[in-house]
Amino acid sequence: GHTWARLDETGLVTVGVDDFARRLVGPVDQIELPCGGSSLLQGEVGFRVGREDRWASLLSPIDGEVVEVNRALLAAPSDISDDPYGRGWICRVQPHNAALSLRNLLGGTLAHRWLEDEGGQLSASLAEVAGGAMADGGMPAADFERHLDQAVWQRLAERFLLRDETSKAGGDTNEEPEEK
C-alpha cells in the first residue's frame, strides 16, 4: 500500500505516503483528503493523490476515526512529494485498536527490506515496459513516471499501491514510521 503510520504520545496515529509512493506518483499537485470524522479501514482506500490527469488511490494503514486532516495540503499538495514524512502528512486518526493495526504493519529492518524488494520489482516492471533498455541497479530516475503512458502508469499504480499487505505482519518496533 505504501503508506505509513506513526503513533504519538497522545494515542493518535499520523498517516502519510512513503517515499516509494511519492516516487511512483511523481510531484503531487492534487489531493483528495478523507473527511474529518470519517472512518478509515486498514487495507481499504483512505485517500487519493494526483498529478496532472493521473490519480493514485492509497490504502489506509490503520483502522480508526479521522480526527484531523492536513488542510495545508489543499494549498500545497507538493508537500507530499517534498516532505512525505513531515509537512506532507495526510491525516491523524484515533485508532479503534492501535496495537492490532500496528501489529499488521512492517517496521524497522523488515520495512526497509520490503521497500528494497518493491524497488526491485518496480525496476523489473519498468524494464519489461522499456523492452530491456533500462540500466540495471539503483532506483528509477526522478520523474520517470512522466515518460510512461497512462495505461502503463495506471497498471503500476494499482499493482504497487492498491495491495493489502497486512498478511506481512510483524517486525521490530522502533520510532520510525511503520510501512503499509
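Me: Which residues touch the most other members of the largest nonpolar core?
Reply: V15, I31, V49, I80, I90 and C91 do, out of 25 residues in that core. A nonpolar core here is a set of buried Ala, Val, Leu, Ile, Met, Phe, Trp, Tyr and Cys residues joined through side-chain atoms within 4.5 Å. Buried means under 20% relative accessible area, exposed over 50%, and partly exposed in between, with a 1.4 Å probe and protein chains only.

Me: Which elements each supply at least two residues of this core?
Reply: β2 (13-17), α1 (19-25), β5, β6, β7 (64-69), β8 (91-95) and α4 (98-103). β2 gives the most, with three residues. Helices (H or I, at least four residues) and strands (E, at least two) are DSSP runs, numbered from the N terminus.

Me: Before I go on, where do these values come from?
Reply: This is a predicted model, where local features need pLDDT of at least 70, side-chain atom pairs count only at pLDDT 80 or more, and totals for chains, interfaces and linings use all residues. Residues are numbered from 1 along each chain as its sequence is written, and side-chain values use heavy atoms, with hydrogens and water left out.

Me: Back to I31. What is I31 in contact with?
Reply: Leaving aside neighbours within four places in sequence, I31 is in contact with R48, V49, W55, L73, L74, P77, I80 and I90. Contact means heavy atoms within 4.5 Å.

Me: Now the sheet. What is the strand order in the open sheet of three strands?
Reply: The order is β3-β5-β6, with antiparallel pairing. Two strands pair if DSSP finds at least two bridges between them.

Me: Why is one side of β3 and of β6 left without a neighbour in the sheet?
Reply: β3 (30-32) and β6 (54-59) stand at the edges, so each has a single partner strand.

Me: How many bridges join β5 and β6?
Reply: Six, with β5 covering residues 45-51. V49 has A56 as its bridge partner in β6, and F47 has L58.

Me: And how many between β3 and β5?
Reply: Three, again antiparallel. Q30 stands opposite G50 in β5.

Me: Is β5 mostly covered or mostly exposed?
Reply: Mostly covered: five of its seven residues are buried.

Me: What about the hairpin of β5 and β6?
Reply: That hairpin has two residues between the strands, and E52 takes a positive phi near 55 degrees.

Me: Last topic. What sits over the ring of W89?
Reply: The charged end of R92, 4.0 Å from the ring centre. The rule asks for NZ of Lys or CZ of Arg within 6 Å of the ring centre and within 35 degrees of the ring normal.
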